[in-house]
Amino acid sequence: MAVSLSNWLSRKIEQSSISDKAKLVLFGIASPTPIQDFAKKSAPKPEKTLQADYDEIQRRLTLWLESPGSLASDPTAADLADRLGIPQRQLKAFFQFHLGRNFRTWKSEIKMEKAKEMLLDDRYDTVSEVADALGFRDDASLHRLFHRTVGCTPGLWKATGGQPDRKDL
């Protein structure tokens with residue numbers, strides 16, 4: 001039964017006006033020439049151009065991070081793409097392929113680095129002040145993320161001067 005069905009299908013395909021390339025695809029045989037007409041429309045960018053784009057995104061991102069209150073607004077990927085003046089898709093590709101992480105992970109890492117600095121700064125007396133300055137809903141959110149990423153509590157980090165593994169405390 002299977003053989004006769006296969007023979008019947010082969011005859012029908014040969015009698016039809018299907019191109020040779022399509023026949024190869026129907027039978028699961030790789031075509032000697034790729035069937036990608038869309039490749040002409042969207043040719044891949046040369047590596048140098050792509051690197052230049054990534055460098056420009058990195059520059060804009062650094063400028064944004066250095067601006068006061070940049071992290072307090074807690075932007076989404078779409079918000080940040082709008083602020084940087086680039087498409088959201090390009091921003092996500094930058095994070096994935098250039099930095100090797102997604103936007104959310106990157107944002108958490110940046111916030112934790114900033115939190116470490118702010119906890120050691122004399123201008124911030126409490127963890128709640130740091131949480132407010134970084135745009136967290138409450139200090140418990142900062143506490144959870146800080147403990148998960150750094151390995152100690154923000155209070156311990158502040159009390160030990162950024163060296164939570166010191167034995168003399």
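Visitor: In the loop between which helices is the place of L71?
Guide: The model is predicted, and its secondary structure comes to 9 helices and 0 strands. L71 lies in a loop, and the elements on either side of that loop are α3 and α4.

Visitor: Is L71 buried or exposed?
Guide: A residue counts as buried under 20% relative accessible area and as exposed over 50%. The relative accessibility of L71 is 5%, so L71 is buried.

Visitor: Which residues does L71 touch, not counting residues up to four places away in sequence?
Guide: A contact here means heavy atoms within 4.5 Å. With residues up to four places away in sequence not counted, L71 touches W64, L65, I110, K111, K114, L134 and G135.

Visitor: How far apart are the C-alpha atoms of L71 and F136?
Guide: Along the chain, L71 and F136 are 65 residues apart.

Visitor: The charged end of which residue sits over the ring of F136?
Guide: K111 is one of the residues that L71 touches. The distance from the charged end to the centre of the F136 ring is 4.7 Å, and the residue that carries this charge is K111.

Visitor: What is the volume of the largest pocket, and which helix gives the most to its lining?
Guide: The space in the largest pocket is about 410 Å³. Its lining has 16 residues, and the closest to the pocket centre are R104, K107, S108, F136 and L145. Both α6 and α8 supply at least two lining residues. With 7 residues, the helix that gives the most is α6.

Visitor: Which residues is L61 in contact with, leaving aside its neighbours within four places in sequence?
Guide: Leaving aside neighbours within four places in sequence, its contacts are L80, L84, F94, F95 and W106.

Visitor: Why is the ring pair of F95 and W106 tilted?
Guide: A search of the whole structure finds 6 aromatic pairs. Planes under 30 degrees apart count as stacked and over 60 as edge-to-face, with the rest tilted. The ring centres of F95 and W106 are 4.9 Å apart and the planes are at 50 degrees, so the pair is tilted.

Visitor: Which helices hold F95 and W106?
Guide: F95 and W106 are both buried. The two residues are 11 residues apart, and their pair links distant parts of the chain. F95 is in α5, residues 88-99, and W106 is in α6, residues 103-120.

Visitor: Which residues do ring pairs link into a cluster?
Guide: F95 and W106 form one ring pair. Ring pairs also bring in others, and the cluster consists of Y54, F94, F95, F103 and W106.

Visitor: Is Q96 buried, partly exposed or exposed?
Guide: Q96 is found in helix α5, and it touches R101 and N102 when residues up to four places away in sequence are not counted. Buried means under 20% relative accessible area and exposed means over 50%. The value for Q96 is 44%, so Q96 is partly exposed.

Notes:
Residues numbered from 1 in each chain as written. Predicted model: local features only at pLDDT ≥ 70, side-chain atom pairs only at ≥ 80, totals over all residues. Heavy atoms only, no water. Phe/Tyr/Trp six-rings, centres within 6.5 Å; stacked < 30°, edge-to-face > 60°. Helix = DSSP H or I, 4+ residues; strand = E, 2+ residues; numbered from the N terminus. Buried < 20%, exposed > 50% of the residue type's maximum accessible area, 1.4 Å probe, protein only. Lys NZ or Arg CZ within 6 Å of the ring centre and 35° of its normal. 1 Å grid on protein atoms, 1.4 Å probe; cavity = no way out; pocket = protein on both sides within 12 Å on 5 of 7 lines; lining within 4 Å. Points joined across faces, edges and corners; volume = space filled by probe spheres on them.
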